[in-house]
Amino acid sequence: MTGPVPRTREEELLLARISAAAGRARLGRRLSSRTSTAYRPRTRAGLYWAVRRLSVRSHHGRSPVRTASPNARLDLYEHGMTVAVRGRIHVVRYDTTSVFRHNTAPRGSSPSGTTHIHTLTDVEQKRLVLYDEPEGGDAQAWARLVRQAVTRARLPSALAALHRGERISFGDIWLTTELVGSTRVSLPWPHVQRIGVVEGFLTVTADGRQHRLGPTVSRIPNVFVFRALVEHCRSGKAR
């Protein structure tokens, strides 16, 4: 019976750097480690072209994850995560990060063939693009855990702000205890029947009419937190 493979000197040094970075950011206890494929765009234009290139590959049936080996180590902690890529360690805190999710799939594919591309901001507000492979796997697991952790970290303070009468913004869209809206439209909660996604855009159905609420879902930060607040407001608990 063989035991665990000993770590190399390089691996030991990397783990020490990761632990030190997590300690400085007070991320708490380490929960698990994962691997992923990461890209660090230097500019907003670079971010746009990175996501576009990945989307085009997926659209033509070529998974960007399967055409590139994982190059990043992800360590998930209680209050955040670290991403070690290309010799640098990025620290992400769940209570401050903005997560953008872009879904894309080849034509005619099933939902299980969808590629998920996540963009996160680290504590320095620099963006990281992480690819999420289709049909399950390690990437889907960490992405789900991160979305849940960000929701747990952000939702209590957002609910408290709502009850103080404040407006909560998610990019171009916003909500209060009375209204949901954007630069396009604002609607009172009693009139809202449904909020969903149509052709990649966030839409709201009110009084039988459908309105495009804002930009594409992929441009809305922490849209999963927005959805949790929507359910809270629609249930009448915020009023």
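Mentor: The accessible surface of the protein comes to about 13100 Å², and carbon and sulfur atoms account for 49% of it; such areas come from the Shrake-Rupley method with a 1.4 Å probe, and for residues only the protein chains shown count as cover. This is a predicted model, in which local features need pLDDT of at least 70 and side-chain atom pairs count only at pLDDT 80 or more, whereas totals for chains, interfaces and linings use all residues. Residues are numbered from 1 along each chain as its sequence is written, and side-chain values use heavy atoms, with hydrogens and water left out.

Of the 239 residues in the protein, 46% are buried, where buried means under 20% relative accessible area, exposed means over 50%, and partly exposed lies in between, for a 1.4 Å probe and protein chains only. The protein has 4 helices and 14 strands, which are DSSP runs numbered from the N terminus (H or I of at least four residues for helices, E of at least two for strands). Among contacts with a separation of 6 or more, 56% join residues 24 or more positions apart, a contact being heavy atoms within 4.5 Å.

Thr82 counts as buried because its relative accessible area is 0%. Setting aside residues up to four places away in sequence, Thr82 touches Ile18, Ala22 and Leu27, then Arg73, Leu74, Asp75 and Tyr77, and finally Ile89, His90 and Val91.

Two of these neighbours carry charge partners: Asp75 forms a salt bridge with Arg73, with the closest N and O atoms 2.7 Å apart, a salt bridge being a side-chain nitrogen of Lys or Arg within 4 Å of a carboxyl oxygen of Asp or Glu. Side chains of opposite charge can pair when their charged atoms come close. Asp75 is classed as buried because its relative accessible area is 0%, while Arg73, at 26%, is partly exposed. Arg30 joins Arg73 and Asp75 in a network of salt bridges, and the count of salt bridges comes to 6.

Leaving aside neighbours within four places in sequence, Leu14 is in contact with Arg73, Ala84 and Ile89. Leu14 has a relative accessibility of 28% and therefore counts as partly exposed, and its C-alpha atom is separated by 9.6 Å from that of Arg88, 74 residues apart along the chain.

To place this region against the nonpolar packing, take the largest nonpolar core, which has 45 residues, of which Met81, Leu175, Ile195 and Phe226 touch the most other members; a nonpolar core is a set of buried Ala, Val, Leu, Ile, Met, Phe, Trp, Tyr and Cys residues joined through side-chain atoms within 4.5 Å. Helix H3 (residues 138-163) gives the most to this core, with 9 residues. A second, separate core of 9 residues includes Ala21, Ala22, Leu27 and Val91, and Ala22, Leu27 and Val91 are also among the residues that Thr82 touches.
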